[in-house]
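Hi there,

Here is the structure I promised to pass on to you. Have a look at it first, and then read my notes below.

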Amino acid sequence: MGSLKEERKTVGWAATDPSGVLSPYTFPLRNTGAEDVFIKVICCGVCHTDLHQIKNDLGMSNYPMVPGHEVVGEVVEVGPEVTKFKVGDCVGVGCLVGCCDSCLPCKAEVEQYCNKKIWSYNDVYTDGKPTQGGFASSMVVHQKFVVKIPEGMSPEQVAPLLCAGVTVYSPLNHFGLKESGLKGGILGLGGVGHMGVLIAKAMGHHVTVISSSDKKKEEAMDVLGADDYLVSSDVNRMQELADSFDYIIDTVPAHHPLEPSISLLKLDGKLIILGVINVPLQFVSPLLMLGRKMITGTFIGSMKETQEMLEFCKEKGVRSTIEVVKMDYVNTAMERLAKNDVRYRFVVDVAGSKLEDE
């Protein structure tokens, strides 16, 4: 995916060990290959995954690591075989920068399920060179993994859509849950959960935020526009709403009981798990069988869905709630993210941080 002769260099902020502390790092960037797009990064969202990766929480981190997979930038050069983009275009790069192009998922245009997918960072290209993410002044990416940002959308607003947004849009799209009038629940109100409320509302759904306490009620209803708020320990309300939801999107990234959510689903209702949980979850099978209910999970979204989702958000005026920070604040932002002290997504102003001057 591109020639590697006479490499250019760029500057990013990298973690060098599991402390996760990020600091300036100069690294090589391949020359623009035939189907490559050379991008000057404008901004990059900060995802919970970035935190897990820089701290080696999943035990698979390689250092030095430049994180960032919600990247918005401007095209400064294109390879001779690039047909989708031109210099000056505003574009996005998400979680992936490569796939095998020949397996069943790739042929079905759902390359996020390819077993040989290449992550935007903490991975290696087929030639063995490491991938580095969007906390850097520039990137070179194959055109297949670049999306066009619709005109009129601000880069900072778009960044969280490239991971959190498509993660919610993809299951609603795949399972035929896009028509208006559906009743949906969103469990967990972090970066992905808040996008879930906004996108489901934009689709015309009746949206209930489900939480373990009423701490976020005002926020969910007054700020994000949810229709209802349900505290899962409120036995009376849980019984009242039993068998009434078309779907529940479960974004909780820690062990929690599934049975309360399953009981809320109507016939053929779907519990869609989006949180990464590394311990077994459990339920009793009659809860599923007696309502033909489904527990499923989906993973980010395809490039095709990402482009569709951006057009949808532009058309419906979906705006995420963000806090824009400069790169020199990023370590503090990571500490705050670890405590869930952000509403709801940090976005790093990469261009404004003038990394090349460091």
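Leaving aside residues up to four places away in sequence, K116 touches G98, C99 and C100, where contact means heavy atoms within 4.5 Å. K116 and G98 are 18 residues apart in sequence, and their C-alpha atoms lie 8.1 Å apart in space. You will find K116 in the loop between α2 (104-107) and β7 (118-119); helices (H or I, at least four residues) and strands (E, at least two) are DSSP runs, numbered from the N terminus. K116 is exposed, because its relative accessible area is 62% (exposed is over 50%, buried under 20% and partly exposed in between, with a 1.4 Å probe and protein chains only).

A word on the source: this is a predicted model, in which local features need pLDDT of at least 70 and side-chain atom pairs count only at pLDDT 80 or more, while totals for chains, interfaces and linings use all residues. Residues are numbered from 1 along each chain as its sequence is written, and side-chain values use heavy atoms, with hydrogens and water left out.

Now to strand β11 (residues 206-211). Five of its six residues are buried, so β11 is largely enclosed by the rest of the structure. It runs parallel to β10 (residues 183-187), joined by five bridges (strands pair if DSSP finds at least two bridges between them). Between them, the chain passes through helix α5 (residues 191-202), in a right-handed β-α-β crossover; right-handed means that, with the strands pointing away from the viewer, the path from the first strand over the helix to the second runs clockwise. G184 has V207 in β11 as its bridge partner.

β11 also pairs with β12 (residues 228-231), in the parallel sense over four bridges, and S211 stands opposite V231 there. With helix α6 (residues 217-223), β11 and β12 make a right-handed β-α-β unit.

Further along, which strand does β13 (residues 245-250) join through five bridges? The partner is β14 (residues 265-273), and the two run parallel. Here I248 stands opposite L271. The way from β13 to β14 leads through helix α8 (residues 259-264), in a right-handed crossover. β14 is in turn joined by four bridges to β15 (residues 294-297), also running parallel, with K270 opposite M294.

Happy exploring, and write back with any questions!
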